[in-house]
Amino acid sequence: MRIIFAGTPEPAVVALQRLLESDHEVVAVLTRPDARKGRGRTLHPSPVAALAQEHGIEVLKPQSLKLDTEDGQATRARLKELAPDCIPVVAYGNLVPKDLLDIAPHGWVNLHFSLLPAWRGAAPVQAALFAGDDITGATTFRIEEGLDTGPILGTLTHAIAPTDTADTLLTSLAHAGAELLVATMDGLETGALVAEPQRGEPSYAAKITKEDAKIIWSQPDFAIDRLIRAYTPAPGPWTELGGQRFKIGKVALTDQDTLAPGALAIGKNQVLVGTGSNDLEIVQLQPPGKKMMAAADWSRGANLAEGAEFTS
């Protein structure tokens with residue numbers, strides 16, 4: 001099939017690469033505009049745009065697809081000229097207006113990293129970890145006007161490991177989901193796939209803010225562990241010590257219950273913090289202005305006063 005791939009961040013690169021290796025023809029890529037990054041705030045193409053450029057594929061970067069914008073009008077005209085059979089989507093990050101949904105015979109097909117209708121919305125991987133789910137997966141579905149409500153074309157399931165973070169889980173799902181997306185394109189081309197309506201009660205995964213990643217030490221140890229894994233690496237779980245913000249990189253559960261919530265206990269090779277249930281071992285943290293480091297290394301040079309504690 002002739003396809004236009006719509007996607008922007010690194011997880012979408014895996015799917016684009018797999019489509020490029022398939023029998024389908026990627027005639028163009030639709031992605032977000034270049035963004036400023038680094039200390040120099042220079043413009044950089046999205047990861048998807050960079051890969052497309054390496055392969056000599058046309059890249060469309062509209063700020064908006066709306067009809068009342070100049071770049072939206074130009075992009076719409078080019079999409080029609082390219083005449084795609086299908087537009088697979090992975091984390092594109094831009095609204096697709098209703099009138100564009102029928103531009104391709106097989107529509108816009110989204111790869112979403114949950115088992116729909118569970119965790120519709122912007123952050124399904126983080127939501128699954130935060131909720132303590134044991135199983136997640138990926139779904140391909142035909143985009144319609146509602147938020148992740150379209151009929152399902154394919155699914156896969158994936159077990160969540162006790163040590164998974166949003167980064168490791170998303171990486172696994174990106175690779176497995178890329179295979180699912182190619183299989184979905186194959187099935188649509190041959191006519192073997194029939195879209196099925198979503199069934200069950202939906203749940204929602206809202207966009208994450210920095211405030212969501214603040215650690216409340218009075219919560220139980222397992223809840224704090226879930227929060228830390230869900231918001232690693234972004235936006236990064238954080239707490240405060242002496243009025244300064246620290247990021248927490250990794251913790252380990254213990255069977256001890258000796259400390260008040262937030263209270264720190266510094267051992268020779270171990271840093272413990274109290275919670276609303278058992279104490280947690282802080283394995284990694286990032287002090288202000290420094291890189292992530294072993295908590296034990298930090299504690300040896302921190303000169304903490306007796307009674308020091310993380311505040312919520």
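This is a predicted model: local features need pLDDT of at least 70, side-chain atom pairs count only at pLDDT 80 or more; totals for chains, interfaces and linings use all residues.
1. Before the details, some ground rules: residues are numbered from 1 along each chain as its sequence is written. Local features need pLDDT of at least 70 and side-chain atom pairs 80 or more, totals for chains, interfaces and linings use all residues, and side-chain values use heavy atoms, without hydrogens and water.

2. The largest pocket holds about 1,400 Å³ of space. (On a 1 Å grid over the protein atoms alone, a pocket is an open set of points where a 1.4 Å probe fits, with protein on both sides within 12 Å along at least five of seven lines; lining residues have an atom within 4 Å of a point.) Its lining has 39 residues, and closest to the centre are Ala 91, Tyr 92, Gly 93, Gly 121 and Ala 122.

3. By class, that lining splits into 25 nonpolar, eight polar and six charged residues, with Gly counted as polar. Because domain 1 (2-205) and domain 2 (221-300) both contribute to the lining, the pocket lies between them; the bounds come from an automatic or database domain assignment.

4. Do look at α5: its 25 residues reach 35 Å from first C-alpha to last, close to the 36 Å expected at 1.5 Å a residue. After α5 comes Gly 191, with a positive phi near 85 degrees.

5. The largest nonpolar core has 62 residues, of which Phe 5, Met 185, Ile 282 and Phe 310 touch the most other members. (Core members are buried, joined through side-chain atoms within 4.5 Å; buried means under 20% relative accessible area with a 1.4 Å probe, protein chains only.) α5 supplies the largest share of this core, 10 residues.

Conventions: Grid points are joined across faces, edges and corners, and a volume is the space filled by probe spheres set on the points. Helices (H or I, at least four residues) and strands (E, at least two) are DSSP runs, numbered from the N terminus. The expected span of a helix is 1.5 Å times one less than its number of residues. Buried means under 20% relative accessible area, exposed over 50%, partly exposed in between (1.4 Å probe, protein chains only).
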